Amino acid sequence: MWKLFAIAYPVEFWQISQYRSMKIEGPRLAMRDYLELVKSDSLKWRLVLSLATSFARVPELVEIASIRNMVALEVATPSRVGTPADATEMPVALSDRIIRSWSELVWTSDAFSHLRVLKLCHQDLSAVVLRYLRAFPSLQVIVAYGCPGIHSLFTDGLEIDGWESRPGQEDKPPALYELYQTSIANTDGESLALGQGVPILDFQIGQAIQKPKKVPTEAKTLYLYRTTAANLTEKPVLHIPTKRPREGVSASGEYYPRRSGPKRAVMRDRKAKDLGEVLGKFL
């Protein structure tokens, strides 16, 4: 009903319901079914999405890129792994390859056009993902909690691949919606393509991350902010191999060497024998 009112009465409904929160802590459907529920290709509402990877598969994690109205995303690996909707497959976690696929979809299909905040919790990722995430046009803040592959490279104030590190003061990062609100407050006059006047749907799939009794030493909070240099990234140009010419002389008279590789068979011009010479051998 909330979605129907947001579509039918976008201006009037936003004035009385600017925020809606919904938590599915025990999913009974496939992750793909829930993702279809929160999409809005017409951008009638902003989506703040939190999900646990224990209920997802690799294709479903990649399909997150198709959610055009998503402004904040949290991907977490819970300490207590739940039971997937389909027990025939093992649950997966976020990986460098999945984020690389997201980055490719940014260039090819304008994915993640409105994503401003990305929160990663207990993910085994390497620092190369920062290079991929730099391609996200609206991404301003990355919050890494318990991600040792990213924490190990950063110190306070260090800049890598267009991201500047700032340590978190709290043991555990704030909720995703709060992080998004803070990001909006720090826009400094920046115009938002999907901003005020559009309601927010705060949607959670899976149980929230609970602080374990014994907190591991690598469970730290790191804030990464986009720098000005990161906005200057350009789409990479695909390398198209060219054929090397064979040995010969160009039209301008320049000599170029023969390319390496096996030789091709060439038909030679042979002079045809005269019929009289052939008959003469038998006479």
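The legends below describe close-up views of a predicted model.

**View 1**
Nine strands make up an open sheet with mixed pairing, in the order β1-β8-β2-β3-β4-β5-β9-β7-β6. Strands β1 (19-24) and β6 (159-160) stand at the edges with a single partner strand each, so one side of each has no neighbour in the sheet. Strand β2 (residues 46-52) runs parallel to β3, and six bridges join the two.

**View 1. Strand β4 between β3 and β5.**
β4 pairs with β3 in the parallel sense over five bridges. With strand β5 (residues 141-145), β4 also pairs in the parallel sense, over five bridges. K119 in β4 stands opposite E74, and the bridge partner of K119 in β5 is V143. Five of the five residues of β4 are buried, so the strand is largely enclosed by the rest of the structure. V117, K119 and C121 point one way from β4, while L118 and L120 point the other way. In a regular strand, side chains alternate between the two faces of the sheet.

The side chains of E74 and K119 form a salt bridge, with the closest N and O atoms 3.9 Å apart. E74 belongs to strand β3 and K119 to strand β4 (residues 117-121), so this pair ties together parts that are 45 residues apart in sequence. Are E74 and K119 buried or exposed? Both E74 and K119 are buried. Side chains of opposite charge can pair when their charged atoms come close.

**View 2. Helix α5 and its buried face.**
Helix α5 (residues 96-109) has 14 residues, which at 1.5 Å a residue should span 20 Å; the C-alpha atoms at its ends are 20 Å apart, in agreement. Which residues of α5 are buried? They are I98, I99, W102, S103 and V106. Seen down the helix axis, the buried residues of α5 fall within an arc of 145°, so they line one face of the helix. These buried residues pack against α4 (58-63), β3 (70-76) and α6 (129-133). R97 and T108, on the other side of α5, are exposed. After α5 comes D110, whose phi is positive, near 55°.

An α-helix has 3.6 residues a turn, so residues three or four places apart point the same way. E104 is partly exposed, with a relative accessible area of 42%, and R100 is partly exposed at 45%. Another salt bridge joins E36 and K39, whose closest N and O atoms are 3.1 Å apart. E36 has 46% relative accessibility and so counts as partly exposed. The structure has five salt bridges by the rule used here.

**View 3. The nonpolar cores.**
The largest nonpolar core has 51 residues, of which L49, L73, W102 and F112 touch the most other members. Leaving out residues up to four places away in sequence, F112 touches I64, A65, M70, W102, V106, F136 and P137. Another core, of 14 residues, lies apart from the largest one and has V48, V117, V141 and Y180 among its members. In soluble globular proteins, nonpolar side chains tend to be buried together.

Technical notes:
Residues numbered from 1 in each chain as written. Predicted model: local features only at pLDDT ≥ 70, side-chain atom pairs only at ≥ 80, totals over all residues. Heavy atoms only, no water. Helix = DSSP H or I, 4+ residues; strand = E, 2+ residues; numbered from the N terminus. Expected span 1.5 Å × (residues − 1). Buried < 20%, exposed > 50% of the residue type's maximum accessible area, 1.4 Å probe, protein only. Arc of directions from axis to C-beta. Contact = heavy atoms within 4.5 Å. Core = buried A, V, L, I, M, F, W, Y, C linked by side-chain atoms within 4.5 Å. Pairing = 2+ DSSP bridges. Salt bridge = Lys/Arg side-chain N within 4 Å of Asp/Glu carboxyl O.
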